[in-house]
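Work through the exercises below with the sequence and the 3D structure at hand. Each task is followed by its solution.

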Amino acid sequence: MTGQKLLAVCAALVGAASGCAPDVSPPDIRNLDRPTAVAFACYGGLRITGDGTADPDDEVITSAQPLSSCAARADDVIPPGQEDLEDGLPVTAPRTYGLILEPTRGSVAVVDSQAGAVLDADPLTPGKNAVPIGTLPVSLVTDASGCYAVAANAGTCDLSILDVASAVDPFATPAITHAQVTTPSGEVVLARPQAMVASPGLAADQVGQVCPDTSTGLLYVAYPGCHAVAVIEAGTGTIVSAIELSDDGTAQVTAGELACAAECGARPGLIAAAGPGDDAGAVDAGAVDAGAIDAGAIDAGPGDPLPPQDDGAPRPVALTLTPDGTQLYIVAENSPRLTVIDLDASGVPTTAAQIAVAGEVGLTAVAATGTLDMGGSLGRLSGTAGQFDFAYAVASDRTVRVIDTRHGFECDTQVDPRFARAVVDLAKLQCFPVGDPATPPRRAGARSPGIQLPAGVAPLAVAFATVGLEVGEEDPDGIADGTVGHFAFITASNGVVYVVTVDDDAYPDQEQSAPLSTFMPKVMAHQLRDFGNSRGELAQACSSPAADPITFGPRLVSDVAQIIRTTFVAPEKGPLLPGLRQLSCTEEDTGGGQTEIPVSELSFAAPAGVREAAYPDLAAVSAETWRIIWEGPLSLDTTSNDVDGQQIRAGTLDESGGDIEVIDNGAPFCAMGVEPYDIVSLVGCNPQRGDLDCGIGETCYTHPDTPAEITSGMCLPVEYADSLGATCRDLLISRRQYTVVDTYADHLTLAPRRRVLRTTPIAGCTSDAQCEDLAVVAHNLTLSGHPVDLDDQPPEEGTDYQWACAPDPSRAPGPDRCQMACVDSTGCEPGYACVGGFCTEGPLPDPDCAAGLLRYQVRVGDAFSVIGEKTGFVHNRVVDPATGQCIDDPDGSALNIARLPLSAPACVGDGIDDVSPNPCSTTVSHTATEQQFVFEDGRCVGQSDAIVTRDVPAIRFSNPVFTFHLINPVTTGDAECRGDGAGTLPPHPVVYTGYQISFDTTGGLFPMFVATDAMAYPLTITPGPSGRMWVLDQGDRSFGVRGQVLLFSPAAADDGFHPVTIR
Amino acid sequence: MSRHPLARLRNQANPRVPSEVQPAVGLPRTLSVILATALLAGCPASSEEVQPQRDQIDFPSGLALSPAQDLLFAVSANSNLRYSSGLVSVFDADLIDSLIDGWLDSGDPGPCQPDGTSPAVLACDESDAVLSDASVRIGNFATAIAVQTLDSGDLRLFVPVRGDPSVTWIDVDPSSGELSCGGSGSLPECDEAHRLTDLRGDASLGTVVDEPFGVFVDSQNHYALVSHLTRGAVSLIDTPGTGDPPVLTDAAGGLFASNGGSAGATGIAGRVPGSAADLIYVTSRSEARVQVLYVKRPDGGGLPFLVPADFFFLNMVQPSTDARGIAFSSDGGRAFIVNRQPPMLHVVDTSAGPTGVPRNVLVGAIELCDQPSNIALADTGSGPVAYVACFDAGQVWAIDPGTRAVKALIAVGRGPHALAVSPDRNRLYVGNFLDSTISVVDITPGAITENHVVLRLGRPVAGGKGE
């Protein structure tokens, strides 16, 4: 007894002992067991019309019948001949039943969809029992007559045929027969099936026939190990044709003489040796007559057949028929090709064609839309862009590939909307051909052309539905005002069913001229459907609306925050620091007047055109925090998330090659986006944590000479701590920050990083004397006084360091920089060490001083890092497989950047799609509240603050999520009073390491999904004949749940889809 | 992430009994009942009379094959404390095969007999295939076993023992199967020198972390790693190829967040064993995190230590917070991780991405039986197959990871957990913990007996051999 059961028993005993509790809920009964597939039955009243003409004298029976009978009734259409006739017997409307396949149990559970309940196949046995059908059945289909359900069994490599009526009728005993699959010449096929579909059922106008004696129509069965799809007569199991996939990936239609290796057992001998009562039960596990051992074993021909080999030929694992039954689509788990088979009127293959999707991927599931009239925005099903046929295939790169089978190419669903706005060709907007030079660039960071689900979850299966009324159709319920069009429903590994718009017939077909009037992800086909509303709403005030991600468009949650450390810049001088561009917003004040307020260009109150340019892709925006940090880290991850790696990592130090290197065998450096001249900080250990940051036998050592500015220690062996403390003194008391010289996936070469004056002119210094002057400027930034009050003050004691204008090899090549010069370390600021005549942020460590585990952090050099807590640090760095060096991806997007320097090439154009160069320098109008002073009598006299709009220099920065302008990257300083901007110093920055700007974004695309009880692993989704979707959740999300079936109505998209769960 | 000195993780309780009356989580709740019953019933006997029987299996918790696949090492956990100790036994795989071949080819049961309920299965006594002089005694509640090949070709076994707690190491003569671990007598007990309990042999530096559980050995890189079930920690053992004694050198703790007060490390495996700078993946029973580590040897010599590299989460199937066994494809491009909640085999793409770092993303998942606990991979010629032990169901599921299809449900016995697979012999060996038996499954592709138990070692006994 498990602990849980024990608890349940105890609870029951306690409950019993304490008396009756009338309000106790009965336990939740679970009847299903890991369902994976569903077939349907239509069962009920049927008039036997015979010749198709209804007659009052016709017999009316209760029978299984073609699924079209139930489908027609779901559309309020009664199949011809099944109407109630005057003087005739009434025809009880048939009901739809779901036949739920439970492979591990080897059974089929019957669900009454109208009642939403599992039926009991064996009333004499406790519980609701399923119908045993075979060993490891993998697929279940209904035959053309609707009278039989056929299962393909992977455990026995045969077929089981279930008499539908016997399964649905509560008073009948389920009738099952088995059929071997044989080639036209009679050879038994012992290949293991993986998937199966059946030829379309009889049309509604053919309803009225007595059930045939055996199953009818054709079955298409995929055999991965045989690299083939067999076309099988359902009634006999005989293969009539096949599609064989060759080693080169191509497909041929053949006569069906398959030579498959036996996968279901063929070595004779054991049965005879074992005698009666052999161990079939080991596999059967209760299945009916599964015959795992006797499945053709004796008849299988010679013993010891060759085992199936994975020879590289495609292994078909999924297939589907187009709704009209004219084409069969086949996908293989190890091939990127969709095989399209044309079928003749009887369903027999005629020709094979293939369409390859991009990349080295496999395809594991496929669904077909059938012919769609794409385009249209009238609120009625209509088409203005022509007819298309699409296949959606689930790919191994966790995307859903969209293939235009009519025109023969893959569609790029990841076109960056900022480049698609100018597209007016409606056909292109339905499918941007992959590889077509006219197809706009793909979204930066897209894995492939396929549809990507949120958070990187894996798609599992796809089904389609059409919602809405045709043009001209009456609309008594006003539903045409709601969701109209063709939609895909994609089940995902996180238990969610996502909705994708194939064609929205109630939304504009192309970009409208007014900003924010349309969103390209809603215009383009094959995009995740947005659950949000009022995305195009324009601001009515200057404040931010509530942080509701599904209402209104992309925006900031609140104002941009500027975090200033007063040890570097006095608060009063904060305006000298770079910031984000603001614009003027005017709103009515309480007195009825107009008030002007500066608002961020990223805010909701920014003008529509600015907002549209700021957030060009609704789908790229998440609810997340962004941080823009000068010389900031390459990651914001904490211990509970893994967007782009940990901020502080562990490695070791090595000098074996003559250089000092940080080694990390986890090879994270290219992945984190390191570039030369970035900064490596040897974090060491935190003495306040004792020795917890150190390895076995190590202690967190802090040298007694360590200045107050340095708060970390280093891990040293306990037994050598004192001696190493002396040897490593210079290292221990320094900041231990270094410049990255060479970048490899698994190591970085380090060099000393010089102490550079932060106010070094952006164009370079010209003399030592200039540097000395600018050092005073840097110092005065920390003081709140006006320049006129500070000019004559001498440097404070201890801050009169020597500065030299010289090339700086520890930073990217460029003009000379002001650097702290020295003779020895006493001439350097505390925490810096004199190396080669210049103060550095630490001497290169002797490996003896860092022999064990080393904690380190990598930060951006000479630029802001722009990181989103969910988006991460985006970059184009990859590894060169030949050298191991980190290089820029030659195919990378210009938008994949997270570095924002203070200077950049001039911008070329200012259109929404002008992204190169990026970042770039420009001039923009900027509105800010400024302190006002008047210089009178040698003093600065304060005035009221004023809102001022002026043109300022700016760096335009675009990443996949947004575009903003960093204003005032450098300054010429003030002349007399703070904020006068009249200084005549050479343009110089005032930023300092750690200066931070931050903001929160929201209002991006919020994927629509079917709200349900939690599902664990919805493996398949199948449209039912009555219009509802059937989702088979195989997973056990909690104890006691062994899978479930979810039914929902696509037509109720505007009303929560009406989900129903059956367990 | 922090590194915990072993001293901070020291077990303060009776070293012969788990520090908590903590059931073997990998060997589920049934065991907790057994343990509780045993402990309530009083102290186990410790005299010679209650020594384990050298030729019997008792709560088998670990199986491993020699590299030549001719010796099968089995660990008996003595989980009901019926005996004075646990046991490591050695079975002759050739002998097992000869019994099977005689049975399948000619119906000759030899010294065995057809199983009473499954006549196609040959039921043998352990003594029919065990090397009876080879067994040695170890501590109670051993959990797993792994094999190192020394430079000389000799073998060395590593066995995490929760009862001590310790990691016991045992030398093996591959030609005779004889085990040696310092003890004496007809059924030697491994001595203290063969029980790794102190860090670097110095108790002042700390002792082994509680609840050693999973073990992974890399013979080429000369180290072994042990996961710890209740501390979210991993211990590192330096295992010289020279045959010098191994040394417990390092431990990394705090790798996993706790769930209900206990942070557990469970499965552990190297991505490409033997490769330079191999990455070690560790799963957890307390959260969805998979921790990646590597072992660093100081360039100038000295003892190796652990370096945490990165981690990722199994959050594409939720909640996935109770991972167990892990195995890699031969090229290291796929990791197969067994999870219990929901029961799922995660197929993770661990191939190197364009940046050089393993991608570590889910590419597939296969629903599993209840309470899956362990996994073994084998390719016997028809592509890789994952065998997953289903403790509650008494089955092993054979899964084609390519098509994500369950190929077979193999009824093996009660409480299957330990797995060892011999591609050369086309055999899967399954330790049935609750039956105290070993089932031998034929995995010959295309054979009529494929994925069927063909032989069982030991008489199924509820509650262990002492009952």
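This is a predicted model: local features need pLDDT of at least 70, side-chain atom pairs count only at pLDDT 80 or more; totals for chains, interfaces and linings use all residues.

Residues are numbered from 1 along each chain as its sequence is written, while chains are lettered from A and ligands numbered from 1 in the order in which they are written.

**Exercise 1.** Find the average pLDDT of chain A.

Solution. pLDDT is the predictor's confidence in each residue, from 0 to 100. Chain A averages 88, and 91% of its residues score at least 70. Next, look at residues 1-21 of chain A, where pLDDT stays under 50. Residues 267-309 of chain A also stay under 50.

**Exercise 2.** Explain why β11 and β15 of chain A each have one side without a neighbour in the sheet.

Solution. Start with the strand order, β11-β12-β13-β14-β15 in chain A, an open sheet with antiparallel pairing. β11 (195-198) and β15 (251-254) stand at the edges with a single partner strand each, so one side of each lacks a neighbour in the sheet. Strands (E, at least two residues) are DSSP runs, numbered from the N terminus, and two of them pair if DSSP finds at least two bridges between them. Between β11(A) and β12(A) (residues 218-223) there are four bridges. Here A:M196 is opposite A:V221.

**Exercise 3.** State what share of chain B is buried.

Solution. A residue is buried if 20 or more other C-beta atoms, placed from the backbone, lie within 10 Å of its own. Of the 467 residues in chain B, 66% are buried.

Key: A residue is buried if 20 or more other C-beta atoms lie within 10 Å of its own, exposed if 12 or fewer, and partly exposed in between; C-beta atoms are placed from the backbone. Two residues are in contact if their C-beta atoms, placed from the backbone, lie within 7 Å.
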